[in-house]
Amino acid sequence: MYTIIKKYFKTHFPDFFIRARNFKDQTKIEINTLKQVGILRILKQFIGSKKKWKIELPLQKSLRLKLDIESLEVFCKQIKNFKEGGHTYYFPPHSVEISSLKDIIPYGPRKFGAKIIKHKGGIDKSFVAPNKACKSYELFSPSHKDLLLVHNLFFNLKMGPRLYDIEEIQFQNGDIHVAYIMEHIDGKIAAQAKCENFIQDIKKLEAENLIKLINWNGYEDMDFVCPECNGNLIYDSHSKSPKYVDLQNFSLGNYYNYLKKIALEASEASHFGQKSYLMGGKYLYQEIPGLNLTAKRSPSERFKVLKKLLIESNITLENKFIIDVGCNLGLMGAQYLKEGAAWLHGFDFPQVVPYAEKVLLSIGCTRFSLTGIKLSKEVSLKKHLSMQLKGCVISYLAIRGHIGWIEELSDIPWEFMIYEGHENEDLEMNKNFLKELNKIKPCHVLTDGWISDANSAPRYIAILKAKQ
């Protein structure tokens with residue numbers, strides 16, 4: 001009888017039938033959302049603090065390099081070819097290549113510059129050393145963590161160089177200095193008009209309360225006097241645009257709104273997502289650190305479960321190179337970087353990758369690279385990877401059901417894989433999927449379990465060890 005009535009309404013009242021069907025489907029989504037997420041989590045997005053980003057960002061864990069050199073002074077005498085500023089020594093790529101800094105980012109770009117801070121202290125200290133004549137200056141001077149976000153902001157806006165990492169360098173005498181590993185900008189002094197326009201763009205960012213100028217002399221300081229800007233503004237010969245290379249004059253203003261804007265733009269481009277009125281309409285697929293926006297999945301909750309499995313398997317991600325297949329917006333990869341991974345390379349659709357880059361930069365990640373590619377069983381990952389792959393880690397989360405097992409996994413010398421299945425797949429199904437993987441690359445399960453986070457039903461997860 002139900003089938004007959006349904007067919008009648010579908011034939012004679014098609015518009016009503018479509019609306020009724022959509023209402024039924026949406027009601028089902030809302031009920032499932034309420035059951036899975038819970039009322040407290042739903043309310044959190046409307047009442048949370050806008051200062052959350054100050055607590056959680058930058059997300060990426062800083063690393064430390066120990067050098068077999070007595071001190072920074074001895075290092076400078078050995079290299080010689082560098083530029084000295086008021087607070088820093090800058091070593092261009094040709095100087096880095098002949099020094100012990102050449103392997104400071106073993107999986108990143110081969111050519112980079114290194115800016116080392118003169119005064120001692122780790123990443124939590126301010127960029128500028130305390131001024132004895134002006135005690136309050138230390139209070140306003142941004143920390144290196146703040147400046148990491150400032151650097152990424154300027155790069156996102158195409159106004160500054162790419163920052164690859166901020167690391168602590170420890171010398172034999174115990175001194176610790178912070179090093180900025182960054183893209184080297186080749187170019188010349190910008191033309192007067194281009195310089196003036198660029199300074200106006202900076203002022204607009206300050207007017208929007210996105211950044212704050214903390215230089216005591218304001219824009220009258222020589223760092224902003226065109227066209228030289230004290231050597232801080234360079235017309236990049238590669239991008240054909242001005243880049244501001246020394247950003248210690250800035251701190252962040254209302255970063256929450258900028259972060260939210262990036263998140264919502266990325267949500268539109270991401271190939272996953274859902275609509276729920278309880279969740280405020282169309283909502284993110286993955287939660288973004290620093291925001292109170294709810295999402296279908298929570299990378300931080302997922303990683304808590306994964307970390308337990310890693311500990312049970314006696315495996316660490318520290319200093320590992322990770323290949324993230326189907327990285328989406330890169331937020332699980334960000335959790336790997338938070339755990340101390342040395343470098344992350346993510347693969348996803350070409351239309352998603354630009355937004356993944358913006359999201360990762362906006363939450364304070366730098367040690368990553370991305371490739372936009374149509375993923376399939378036959379795709380080659382290796383041709384996009386120029387770094388050493390031996391001992392790498394494969395992240396294969398909720399992607400197998402979309403593309404199957406990539407055949408090239410047999411040729412990549414991965415050490416272990418972090419695997420996650422899909423909703424509505426039981427244990428027997430996943431065991432069969434892993435048997436299929438074994439035909440490509442012999443491996444075994446070190447430990448496994450189930451994960452259910454945010455608005456996602458339980459999924460099978462496992463840590464797989466490749467047989468060497």
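This is a predicted model: local features need pLDDT of at least 70, side-chain atom pairs count only at pLDDT 80 or more; totals for chains, interfaces and linings use all residues.
Biologist: Good to see you! How much space lies in the largest pocket?

Modeller: The largest pocket has 30 residues in its lining. Strand 2 (83–84) and strand 3 (88–91) are the elements that each give two or more residues to that lining. The space in this pocket comes to about 810 Å³.

Biologist: Which residues lie nearest the centre of the largest pocket?

Modeller: By class, the lining of that pocket has 10 nonpolar, 12 polar and eight charged residues. From the 30 residues of the lining, those nearest the centre are Thr88, Asn230, Gly231, Asn232 and Asp246.

Biologist: Let's move on to the second largest pocket. Which element gives the most to its lining?

Modeller: The second largest pocket has a volume of about 530 Å³, and helix 8 (144–156), helix 10 (255–269) and helix 13 (353–362) each give two or more residues to its lining. The lining counts 24 residues, with Phe155, Asn156, Leu157, Lys158 and Lys358 nearest the centre. By class, the lining has nine nonpolar, six polar and nine charged residues. The element that gives the most, with five residues, is helix 10.

Biologist: How are helix 8 and helix 13 oriented to each other, roughly parallel or roughly antiparallel?

Modeller: Two packed helices are described by the angle between their axes and the distance between the axes. For helix 8 and helix 13, the angle is about 155° and the axes are 9 Å apart. Angles over 145 degrees count as roughly antiparallel. Therefore helix 8 and helix 13 are roughly antiparallel.

Biologist: Which residues of helix 13 make the contact with helix 8?

Modeller: Helix 8 brings Leu149, Asn152, Phe155 and Asn156 to this contact. By class, the contact of helix 8 with helix 13 has three nonpolar, three polar and two charged residues. On the helix 13 side, the residues are Glu357, Lys358, Leu361 and Ser362.

Biologist: And what is the handedness of the crossing of helix 10 and helix 13, left-handed or right-handed?

Modeller: Helix 10 and helix 13 pack at about 155°, with their axes 9 Å apart. That angle makes helix 10 roughly antiparallel to helix 13. The crossing of these two helices is left-handed.

Biologist: How many nonpolar residues are in the contact of helix 10 with helix 13?

Modeller: From helix 10 come Tyr255, Tyr258, Leu259, Ile262, Glu265, Ala266 and Ala269, which meet Tyr355, Lys358, Val359, Leu361 and Ser362 in helix 13. In this contact, one residue is polar and two are charged, while the number of nonpolar residues is nine.

Biologist: Which residues of helix 12 meet helix 11?

Modeller: Helix 11 contributes Pro299, Ser300, Arg302, Phe303 and Leu306. The contact has six nonpolar, two polar and one charged residues by class.

Biologist: Which residues line the largest cavity?

Modeller: About 30 Å³ of space lies in the largest cavity. Strand 13 (residues 281–286) gives the most to its lining, with three residues. The lining divides into four nonpolar, three polar and no charged residues. Its members are Ser267, Ser270, Leu284, Tyr285, Gln286, Ile288 and Leu329.

Biologist: Now the backbone. What is omega for the cis peptide bond that joins Leu57 and Pro58?

Modeller: Pro58 lies in the loop between helix 4 (52–56) and strand 1 (64–66). For the cis bond from Leu57 to Pro58, omega is about 0°.

Biologist: Where is Pro227 found?

Modeller: The peptide bond from Cys226 to Pro227 is cis, with omega near 5°. Pro227 sits in the loop between strand 8 (211–213) and strand 9 (233–236).

Biologist: Last one, and thank you! What is phi of Asn328?

Modeller: Asn328 is in the loop between strand 15 (321–325) and helix 12 (331–338). Its phi is positive, in a residue other than glycine, with a value near 55°.

Conventions
Residues are numbered from 1 along each chain as its sequence is written. Side-chain values use heavy atoms; hydrogens and water are left out. On a 1 Å grid over the protein atoms alone, a cavity is a set of points where a 1.4 Å probe fits but cannot get out, and a pocket is an open set with protein on both sides within 12 Å along at least five of seven lines; lining residues have an atom within 4 Å of a point. Grid points are joined across faces, edges and corners, and a volume is the space filled by probe spheres set on the points. Helices (H or I, at least four residues) and strands (E, at least two) are DSSP runs, numbered from the N terminus. Ala, Val, Leu, Ile, Met, Phe, Trp, Tyr, Cys and Pro count as nonpolar, Asp, Glu, Lys and Arg as charged, and the others, Gly among them, as polar. Axes are lines fitted to C-alpha atoms, for helices over the stretch in contact, and angles run from 0 to 180 degrees between N-to-C directions. Angles under 35 degrees count as roughly parallel, over 145 as roughly antiparallel, 65 to 115 as roughly perpendicular and the rest as oblique. Contact means heavy atoms within 4.5 Å. A crossing is left-handed if the near helix is turned anticlockwise from the far one by less than a right angle, and right-handed if clockwise.
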